[in-house]
Amino acid sequence: MTSLSLTIATRESQLALWQARHVQQLLQNLGHQASLLGMTTRGDQILDRTLSKVGGKGLFVKELETALETGAADLAVHSLKDVPMELPEGFALAAVLEREDPRDAWVSNRYARLDDVPQGAVVGTSSLRRQVLLKALRPDLDIQPLRGNVNTRLRKLDDGQYDGIVLAAAGLKRLDMHDRIRHEFDTDTMLPAAGQGALGIEIRADRQDLMALFASMADARSWRAVTAERAVSRCMGGSCSMPLAAHGQWQGDTLHLRAAWGDELQPDAPLVRTAASAQVTDLASADALGQQVAQLLQAAGAKQR
Ligand SMILES: NCc1[nH]cc(CCC(=O)O)c1CC(=O)O
């Protein structure tokens, strides 16, 4: 294959840059050249409000898509968790890479475990999913908003405003901040968000010339698992103002998919939890399992919003 010279559109947070450089390295290993085009997105600019209140999907991806559209960049690297369930017309997911740890992590300068924090402790997170899952574990907690990129959130923790915070283990591990993780929550108690820990490569749908290249970088099992998770989200309406968790785990060729739904209009109502398993051998059977789990959620009282 001829050597390509590609431009990667990326946000400029430390984590986004790590992820873009990771893909740059993978491309270089295949004999291609890749440079980075750093950009700021609306999601990076709005730091004073909870994203679910800002509304709108794809706050972290739109500007990157514009760069793909104009040809300023050939690909964008995203945390799949931040990518809307349905890409806008004209764009395609060219690959999902091997997944990093999908779990949530407890980060604290005061308490080694969430179980150790006293009644009424202040825990930081702006994720509705983390809020409802934490409340289900510990109704007494005082959960306070916490926005910003990973470094900003850690700084706010270190300022002493919180007894502890919850972050994705994947982000901390990528940034070589393993030592910040006091413990990882098991996925039974803190079921991860759809796509957490996975990276996606987005291209313009008409760039058929790039499809085979990225397909060779993809991890089939990660791609199938996140496809099932994202199908749950899509079927439930998938906005970031819905507390929703969806996580697939492999046992051989069987994908075990669990989901949890909380009612943002009734934050104190119990969570609806469901699960289903199926043999998953391609993206279509993964998507079908996700649809099935979304139907089970709705049969158990979850509402599409
Ligand atoms: N919402 C921000 C975001 N998007 C992806 C990650 C972590 C990395 C990943 O899930 O791949 C984070 C930070 C966090 O949730 O702590």
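Q: What makes up the shell around the ligand, by class?
A: In this predicted model, the shell around the ligand has four nonpolar, four polar and two charged residues. The residues are S79, K81, D82, V150, L167, A168, A170, G171, Q196 and G197. Strand 8 and helix 7 (169-174) are the elements that give two or more residues to the shell.

Q: Why is the ligand said to lie between domain 1 and domain 2?
A: Domain 1 (1-98 + 197-218) and domain 2 (104-184) both give residues to the shell around the ligand, so the ligand lies between them.

Q: What makes strand 8 mostly covered?
A: A residue is buried if 20 or more other C-beta atoms lie within 10 Å of its own. Five of the five residues of strand 8 are buried, so strand 8 is called mostly covered.

Q: How do you know which faces of strand 8 are covered?
A: In a regular strand the side chains alternate between the two faces of the sheet. In strand 8, G164, V166 and A168 are on one side, I165 and L167 are on the other, and all are buried. Both faces of strand 8 are therefore covered.

Q: What makes strand 5 and strand 8 count as paired, and in which sense?
A: Two strands pair if there are at least two bridges between them. Strand 5 and strand 8 have four bridges, in the antiparallel sense, so they count as paired. In strand 8, A168 is the bridge partner of D104.

Q: How many bridges pair strand 6 and strand 8, and in which sense?
A: Strand 6 and strand 8 pair over two bridges, in the parallel sense. The cut-off is at least two, so this pair meets it. G124 stands opposite I165 in strand 8.

Q: Why are strand 7 and strand 9 said to stand at the edges of their sheet?
A: The sheet is open, with five strands in the order 7-6-8-5-9 and mixed pairing. Strand 7 (142-144) and strand 9 (183-184) each have a single partner strand, so one side of each is left without a neighbour in the sheet. Strand 7 runs parallel to strand 6 (residues 122-124), and three bridges join them. V123 stands opposite I143 in strand 7.

Q: Which strands does helix 5 touch as it packs on the sheet?
A: Helix 5 (residues 128-137) touches strand 5 (104-107), strand 6, strand 7 and strand 8 (164-168), and its direction makes about 170 degrees with that of strand 7. Helix 6 (residues 150-158) lies across strand 5, strand 6 and strand 8, at about 165 degrees to strand 8.

Q: What makes strand 10 mostly covered?
A: Five of the six residues of strand 10 (residues 199-204) are buried. Strand 10 runs antiparallel to strand 3 (residues 75-79), joined by four bridges, and antiparallel to strand 4 (residues 91-96), joined by five bridges. L199 is the bridge partner of S79, and E202 is that of L93.

Q: What makes strand 11 and strand 13 edge strands?
A: Three strands form an open antiparallel sheet in the order 11-12-13. Strand 11 (244-251) and strand 13 (272-279) each pair on one side only. Eight bridges join strand 11 to strand 12 (residues 254-261), and W250 stands opposite L255 in strand 12. Helix 9 (residues 220-236) packs on this sheet, touching strand 11 and strand 12.

How values were computed:
Residues are numbered from 1 along each chain as its sequence is written. This is a predicted model: local features need pLDDT of at least 70, side-chain atom pairs count only at pLDDT 80 or more; totals for chains, interfaces and linings use all residues. Two residues are in contact if their C-beta atoms, placed from the backbone, lie within 7 Å. Axes are lines fitted to C-alpha atoms, for helices over the stretch in contact, and angles run from 0 to 180 degrees between N-to-C directions. A residue is near a molecule or strand if its C-beta atom, placed from the backbone, lies within 6 Å of it. Ala, Val, Leu, Ile, Met, Phe, Trp, Tyr, Cys and Pro count as nonpolar, Asp, Glu, Lys and Arg as charged, and the others, Gly among them, as polar. Domain bounds come from an automatic or database domain assignment. A residue is buried if 20 or more other C-beta atoms lie within 10 Å of its own, exposed if 12 or fewer, and partly exposed in between; C-beta atoms are placed from the backbone.
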